[in-house]
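Here is a short briefing on one structure. Please look at the sequence and the model before reading on.

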Amino acid sequence: MERLQKLIAESGYCSRRKAEELIKQGKVSVNGKIITELGTKASFGDEILVEGNLIDYEEKEYYLFYKPRGVVCTTKDDKGRKTVLDYFDDVDKRLFPVGRLDYDTTGILLLTNDGEFANYIMHPKNKIDKYYVAKVKGIVTPDEVKKLKSGVKLDNKKVYPSRIKVKDINKKNMTSIVHITVHDGINHEVKRLMESINHDVIKLKRECISFLDLSGLKSGEKRMLSKKEVKQLYNLSQNK
Ligand code: URA
């Protein structure tokens, strides 16, 4: 239970001060009853109407999800494919994925109902690192790595991976394992970077978003982020 004016402000309807005025003016009702007392407490489980508008607020929640292969990163799919939200049937919040992983990409994905947070994580100016492991066709040479390090133009923007390292090469199968960290949030960024040096990605997994990783989770499993983790993520941009 919280003070009504706080709940109204938290819903994004108006400022707390304005909410106090509206309460005093008799423009707020809780479960059908007009409230004019400023100290009145309520919760978002109550039906709160402000000037006839239903206050529609959700507590903010943040999840870390281990996305399996063959799942789309949208809230709905017109082709009827499985979406990441199918794994959140037990959550009563209107969650959406923070950015995208391709249908065939696996790994760490954040979901939330906090639009501000999602923008923060995705915005290139905050340089939140996303670390991927890619299995690619062919043997990646030191010259090709150098080329990527010197930047590649994607969507009219020069993109520089924060880090890139060839971890393994398999001469028999003619494949390489590449560890690559990016922060630009460009569509299909890793696949396009690798294609720019003529290596198609066969398999892609996002292992980390900054300090967050998949420890303790199996494919298809999720956990909530702690308040501390959310705060730590916000602190990252200040440390850049
Ligand atoms: N880059 C890609 O190419 N695909 C993804 O799913 C994520 C990053």
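Which residues form one aromatic cluster? Tyr 62, Phe 117, Tyr 120 and Tyr 234 do. This is a predicted model: local features need pLDDT of at least 70, side-chain atom pairs count only at pLDDT 80 or more, and totals for chains, interfaces and linings use all residues. Residues are numbered from 1 along each chain as its sequence is written, and side-chain values use heavy atoms, with hydrogens and water left out.

**Domains**
- The chain is divided into domain 1 (2–54), domain 2 (62–124 + 216–239) and domain 3 (129–209); such bounds come from an automatic or database domain assignment.
- Between domain 1 and domain 3, the C-alpha centres lie 52 Å apart.

**Aromatic pairs**
- The whole structure holds six aromatic pairs.
- Rings of Phe, Tyr and Trp (its six-membered ring) pair if their centres lie within 6.5 Å; planes under 30 degrees apart count as stacked, over 60 as edge-to-face and the rest as tilted.
- Tyr 62 and Phe 117 have ring centres 4.8 Å apart and planes at 70°, so the pair is edge-to-face.
- Tyr 62 lies in strand 7 (residues 62–67) and Phe 117 in helix 3, so this pair ties together parts 55 residues apart in sequence.
- Helices (H or I, at least four residues) and strands (E, at least two) are DSSP runs, numbered from the N terminus.
- Tyr 62 is buried, at 13% relative accessible area, and Phe 117 is buried at 0%.
- Buried means under 20% relative accessible area, exposed over 50%, and partly exposed in between (1.4 Å probe, protein chains only).
- Tyr 63 and Phe 88 also form an edge-to-face pair, 5.4 Å centre to centre with 80° between the planes.
- Tyr 63 is in strand 7 and Phe 88 in the loop between strand 7 and strand 8 (96–97), 25 residues apart.
- Both Tyr 63 and Phe 88 are buried.

**Charges over rings**
- The charged end of Lys 222 sits over the ring of Phe 88, 4.9 Å from its centre.
- The charged end of Arg 81 sits over the ring of Tyr 103, 4.7 Å from its centre.
- The criterion is NZ of Lys or CZ of Arg within 6 Å of the ring centre and within 35 degrees of the ring normal.

**Largest pocket**
- The largest pocket holds about 400 Å³ of space.
- On a 1 Å grid over the protein atoms alone, a pocket is an open set of points where a 1.4 Å probe fits, with protein on both sides within 12 Å along at least five of seven lines; lining residues have an atom within 4 Å of a point.
- Grid points are joined across faces, edges and corners, and a volume is the space filled by probe spheres set on the points.
- Its lining has 23 residues, with Arg 100, Tyr 132, Gly 185, Ile 186 and Arg 206 nearest the centre of the pocket.
- Domain 2 and domain 3 both give residues to this lining, so the largest pocket lies between them.
- The lining divides into 11 nonpolar, five polar and seven charged residues. Ala, Val, Leu, Ile, Met, Phe, Trp, Tyr, Cys and Pro count as nonpolar, Asp, Glu, Lys and Arg as charged, and the others, Gly among them, as polar.

**Backbone**
- Lys 127 is not a glycine, yet has a positive phi of about 50°; Lys 127 is partly exposed, at 40% relative accessible area.
- Asn 156, also not a glycine, has a positive phi of about 65°; Asn 156 is exposed, at 74%.
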